Amino acid sequence: MEDFEHELARMMRATQTHTPFEEQHRQRLHAGVRARRRARTVWMATGSALTIAGLGVGLEVLPSASAQSGPTIPHHQPTSSTAPTPLPTRTCTTVPAPVPTYTSTTVPVPLPTRTCTAVPAPTHTSMSK
């Protein structure tokens, strides 16, 4: 209970010859205290319900998120070869695109093209005498 409610309850229970509140005021004060208690109970129940709902959603999303975080592509195992295989080298050249002539204000911009050719990797041969 709050301090106000404690003080109010103490004043109403006090056995004094002089009562500080009349009966109608006392009833209004009791009704106010009951209304505050109901409002506090509703507030706490709403907060608890929202907390439980949030935890439920979190627990529902958590397992599906961890299940999706697995590997998406299979990992290849290394081969049992002792020598690494050389990678082919690439040579690329950029060919400028011809500039067309347009009279319109919206002109498409020509993009240069790039051509690449793969040169086979040199093979290592063992020389023995």
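## Largest pocket

The lining of the largest pocket divides into 5 nonpolar, 1 polar and 4 charged residues (Ala, Val, Leu, Ile, Met, Phe, Trp, Tyr, Cys and Pro count as nonpolar, Asp, Glu, Lys and Arg as charged, the others, Gly among them, as polar). The model is predicted: local features need pLDDT of at least 70, side-chain atom pairs count only at pLDDT 80 or more, and totals for chains, interfaces and linings use all residues. Residues are numbered from 1 along each chain as its sequence is written, and side-chain values use heavy atoms, with hydrogens and water left out.

Of the 10 lining residues, Ala-9, Met-12, His-30, Val-33 and Arg-37 lie nearest the centre of the pocket. Two elements, α1 and α2 (23-68), each give two or more residues to this lining; the largest share, 5 residues, comes from α1.

## Glu-5

Glu-5 sits in helix α1, residues 3-13. Glu-5 counts as buried because its relative accessibility is 3% (buried means under 20% relative accessible area, exposed over 50%, partly exposed in between, with a 1.4 Å probe and protein chains only). Leaving out residues up to four places away in sequence, Glu-5 touches Val-33, Arg-36, Arg-37 and Arg-40 (contact means heavy atoms within 4.5 Å).

## Whole chain

The chain has 2 helices and 2 strands, in the order α-α-β-β from the N terminus (helices, H or I of at least four residues, and strands, E of at least two, are DSSP runs numbered from the N terminus). Of the 129 residues in the chain, 3% are buried.

Methods. On a 1 Å grid over the protein atoms alone, a cavity is a set of points where a 1.4 Å probe fits but cannot get out, and a pocket is an open set with protein on both sides within 12 Å along at least five of seven lines; lining residues have an atom within 4 Å of a point.
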